[in-house]
Amino acid sequence: MLNFLKMLATPEFFYSIIRISAPILFATLAAVVVEKAGFANIGLEGLMMFAALSGSLVSYYAGSWFWGFLAALATGVIMSLVMGFFAFKLKTDIILVGIAVNMMGSGGTLFLCKVITNLTEGKAMASTTGLITRSLCIPDITIPLLNQIPFLGRVLSGHNLLTYLAFLFCLLTSLMLYKTPLGLNIRAVGENPDAAASVGVSVMKIRYTAMAFSGLMSGFGGAFMSMAYAQGWSLDMVSGRGFIALAAQAMGGGECLGGMLSALVFGFAQALGIKFSAIGLDSNLASPIPYAVTILGLVIFALVRSSRIRKQHSAAALAKGKAKAES
Amino acid sequence: MPDEKTSGPGEYVVQMKQITKIYANGAAANRGVDFNLRRGEIHALMGENGAGKSTLMKMLFGLEQPTSGEIFVNGEKLVLSSPSVAIAHGIGMVHQHFMLVPSLSVAENMVLGMVPHKSGIFIDKAKAVELTRAYSEKFNLHVDPEAKVMDIPVGMKQKVEILKALVRGARILIMDEPTAVLTTQETAELFVELKNLKKQGYTIVFISHKLNEIMEITDRLTIMRKGKSMGVYNTKDVTKEEISRLMVGRDVVLSLQKDKAVPGDTVLRVRHLEYINEWNKKMLNDISFDVRRGEILGIAGVEGNGQKELVDMLFNFNTPNAGSASVNGKSILGLPQQKIRELGVALVPEDRMLYGIASGASIEENVISDRSGEKRFNKGPLFNMKAIHAEADRLIKEYTVLCKSRSQQVGMLSGGNIQKVVVAREFSNHPILILADQPTRGIDVGATEFIRKKLVELSRSGIAVLLVSADLNEVMELSDSLIVMHNGSIAAYFEDTAGLTDEIMGEYMLGLKKQSAEEVRRVCHDQET
């Protein structure tokens with residue numbers, strides 16, 4: 001046991017937590033913003049799959065990771081706007097739209113991959129891992145000075161560009177929600193669309209904006225998966241991160257910072273699962289760990305929240321009683 | 001008597017001429033209505049529920065478009081295609097259901113849609129607060145700019161709504177039943193504020209049913225009935241009786257005729273009921289009373305003194321901390337609602353939209369919802385539609401529900417007719433005890449009168465009635481005997497309502513006086529406690 005803990009207390013382990021958390025964090029920010037706008041986008045998983053595929057293919061054809069990266073973002077945004085069109089304009093249930101995108105994200109991406117590679121490479125490939133080389137991946141960044149610090153340097157430096165962007169976006173999203181007129185409008189539309197509409201805020205515009213934001217974040221997440229986390233796209237490579245993000249959003253109390261902490265908790269759980277299989281634990285035992293942690297996390301979150309509400313109530317009652325006694 | 005001739009057209013800030021509104025389904029909400037506003041007046045728009053007042057005002061605020069007719073604002077003919085157009089022409093509306101975002105601050109709600117910026121992208125919160133404060137002081141409408149809307153009382157929320165309209169440049173304020181949600185003190189405060197606005201040259205449309213308020217605050221009034229205008233009057237030239245006659249087209253019997261009650265055995269027996277809510281406040285404190293066959297026991301009191309909690313306990317929407325309640329000797333506390341109904345208890349709930357009806361279902365489905373399992377409405381595994389149609393038609397006729405057919409959606413009816421559907425179901429399934437919680441709140445005079453008469457009639461036929469009402473007139477007129485609740489306790493019991501005055505009631509309702517325990521105990525007629 002002690003030996004195992006020693007194995008965990010390495011900079012490599014902490015480094016891997018941050019690395020694994022990054023795509024979850026992108027998707028969590030997407031979930032946070034759409035929830036603030038008053039709806040749920042459960043299609044994050046599918047959006048990330050499409051973004052991952054288009055990113056890897058375009059970077060291969062263009063011979064540059066940058067174009068692949070932009071393609072992934074564009075794929076996320078365009079697909080999310082199409083989702084919005086179905087949900088807001090054609091009034092399809094948004095949950096059903098999300099389910100459809102997730103299902104396409106699994107089977108449809110494989111189909112597309114085979115069709116496209118068959119046209120260009122002459123053979124239908126089931127993944128793009130053979131096409132993507134190290135130079136087509138999004139680069140890692142070594143931070144000068146920080147990398148000199150013992151332990152901490154090895155934890156924080158040398159991450160992928162997108163990993164840093166994920167944490168930067170966490171801050172930016174929070175600023176956007178609470179400090180800008182757009183954020184105010186998003187929160188108002190999410191809470192009382194009638195009130196927002198009555199003062200001339202375009203509810204539709206805000207909903208599409210939030211949807212596009214979720215697509216953009218999924219684009220980042222997808223690009224990370226196929227162009228940083230792994231070299232190339234493969235079937236179902238997002239493996240539930242889009243769903244875990246929905247849990248992280250709820251567990252984080254619907255806020256960016258809380259969502260980030262939750263994403264790190266899930267990242268920890270996944271890193272732990274990987275570590276367990278590395279030391280020879282049956283993978284059937286190790287792989288459920290992240291999901292068990294998800295459930296546990298949600299239960300703890302629910303308990304904490306209900307006790308906090310109870311405390312607030314009794315505090316309010318006390319304050320009320322006091323005010324009465326004084327008056 | 002209508003005074004239209006006495007004023008020239010120039011002084012009107014708003015003129016609506018020959019407004020007709022016919023909905024896609026063929027229902028006519030307004031037919032050839034003329035409506036005008038003078039600058040700086042408070043103008044009442046009155047009428048029963050469904051008379052078309054809200055529709056008329058929605059058209060003035062750009063929420064709906066008239067089928068035909070013209071609207072002039074400050075002499076200029078306008079097409080008010082959306083609220084933004086109306087706002088741009090100085091028309092503001094304070095909705096009955098507040099258009100506020102609870103988790104945002106007062107200042108943020110104020111500037112929503114017109115947010116002040118700083119350094120290009122960020123919200124200038126200081127400026128929003130400053131703006132709110134400036135308007136709040138200018139119009140003497142006190143609000144706390146930095147408080148969250150969910151934490152402020154209803155009266156302040158309404159002030160925020162008024163300020164929201166003013167900050168957007170409104171010179172004409174449409175107020176949709178503004179006093180419906182306010183306490184007496186808040187209403188008094190609102191009236192001072194409205195008079196103040198009037199002095200500054202603002203024009204106010206005041207939609208209300210409450211005759212006393214209209215007499216107190218308005219200069220002129222327009223009465224609507226069945227989509228038509230019944231004329232414009234100077235408030236000081238008409239009496240309450242005239243208004244009431246114009247609204248419903250006949251003299252409403254404002255004092256009800258009823259025989260003396262002959263109470264029989266105790267039906268509902270409540271003893272030592274106690275309830276502490278989730279904020280640790282004692283909402284019910286040692287409540288004991290009996291309701292007997294053939295009598296109406298009224299519960300009066302300022303709202304929020306435990307009446308709602310009491311009814312919740314009796315119909316098992318909540319569980320008391322101590323005490324007992326029984327109907328004909330059988331305990332009802334904690335019983336499922338269906339079992340309570342099987343014992344012969346009927347409920348006219350306070351919130352009819354939430355507990356009284358399924359608004360998306362038809363009238364027919366609503367009236368048989370408590371008896372759909374009965375043998376006479378079923379044929380094997382299927383409904384006996386013939387019997388159900390007959391039952392629905394009978395109830396619609398007996399309770400004079402104004403509707404197109406029994407299959408019309410209940411939610412599409414006016415408030416008074418919705419309540420008639422509720423009482424048609426509750427009164428007709430052979431109850432032995434009726435719990436009537438605010439049975440006539442917010443509904444028109446005609447339906448109110450009908451329901452009150454029906455309650456008296458049923459009680460005289462031997463049914464026990466517990467009437468909870470915040471309407472002092474109602475509870476004093478209908479009840480045979482009466483208890484007053486204050487602060488979760490019974491403050492007084494009056495065996496006979498004859499000779500009771502508003503002043504006496506007021507003293508007990510406001511807690512200035514309280515009867516002794518012995519006096520209150522008389523409401524437990526068997527005298528064993």
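**Legends to close-up views of a predicted two-chain model**

With 529 residues, chain B has a radius of gyration of 25 Å, which agrees with the value near 24 Å that a compact globule of that length would have; the radius is taken over C-alpha atoms, and the globule rule is 2.2 Å times the number of residues to the power 0.38. This is a predicted model, in which local features need pLDDT of at least 70 and side-chain atom pairs count only at pLDDT 80 or more, while totals for chains, interfaces and linings use all residues. Residues are numbered from 1 along each chain as its sequence is written, and chains are lettered from A and ligands numbered from 1 in the order in which they are written.

View 1. The secondary structure of chain B comes to 18 helices and 24 strands, where helices (H or I, at least four residues) and strands (E, at least two) are DSSP runs numbered from the N terminus. Taken along the principal axes, the C-alpha atoms of chain B fill a box of roughly 70 × 50 × 50 Å. The mean pLDDT of chain B is 87, and 94% of its residues reach 70 or more; pLDDT is the predictor's confidence in each residue, from 0 to 100. Where pLDDT is low, the predicted coordinates should not be read in detail.

**View 2. The sheet β2-β1-β4-β5 of chain B.** Four strands of chain B form an open sheet in the order β2-β1-β4-β5, with antiparallel pairing; two strands pair if DSSP finds at least two bridges between them. Strands β2 (28-38) and β5 (76-78) of chain B stand at the edges with a single partner strand each, so one side of each is left without a neighbour in the sheet. From one strand to the next the twist averages 20 degrees. Strand β1 (residues 12-22) and strand β4 (residues 68-73) of chain B run antiparallel and are joined by 5 bridges, and B:Lys17 stands opposite B:Glu70 in β4(B). Helix α1 (residues 53-60) of chain B packs on the sheet, where it touches β1, β2 and β4 of chain B, and its direction makes about 120 degrees with that of β1(B). Angles run from 0 to 180 degrees between N-to-C directions, with axes fitted as lines to C-alpha atoms, for helices over the stretch in contact.

**View 3. The sheet β14-β13-β16-β17 of chain B.** This open sheet of 4 strands in chain B has the order β14-β13-β16-β17, and its pairing is antiparallel. At its edges stand β14 (282-292) and β17 (330-331) of chain B, each with a single partner strand, so one side of each is left without a neighbour in the sheet. Strand β16 (residues 322-327) of chain B pairs with β17(B) in the antiparallel sense over 2 bridges, and B:Ser326 stands opposite B:Ser331 in β17(B). Helix α9 (residues 307-314) of chain B lies across β13 (266-276), β14 and β16 of chain B, running at about 65 degrees to β14(B).

**View 4. Helix packing in chain A.** Chain A has 14 helices and 0 strands, and its C-alpha trace spans about 85 × 60 × 40 Å along the principal axes. Helix α4 (residues 65-89) and helix α10 (residues 203-229) of chain A pack at an angle of about 145 degrees, with their axes 7 Å apart. By class, the contact of α4(A) with α10(A) has 17 nonpolar, 10 polar and 1 charged residues; Ala, Val, Leu, Ile, Met, Phe, Trp, Tyr, Cys and Pro count as nonpolar, Asp, Glu, Lys and Arg as charged, and the others, Gly among them, as polar. Chain A averages a pLDDT of 89, with 93% of the residues scoring at least 70.

**View 5. Where chain B meets chain A.** In the model, 20 residues of chain B are in contact with 19 residues of chain A. The elements that give two or more residues to this side of chain B are α2 (83-88) and β8 (122-123) of chain B. By class, the side of chain B that touches chain A has 12 nonpolar, 5 polar and 3 charged residues. The model scores ipTM 0.81 and pTM 0.72.

Definitions and conventions
Contact = placed C-beta atoms within 7 Å.
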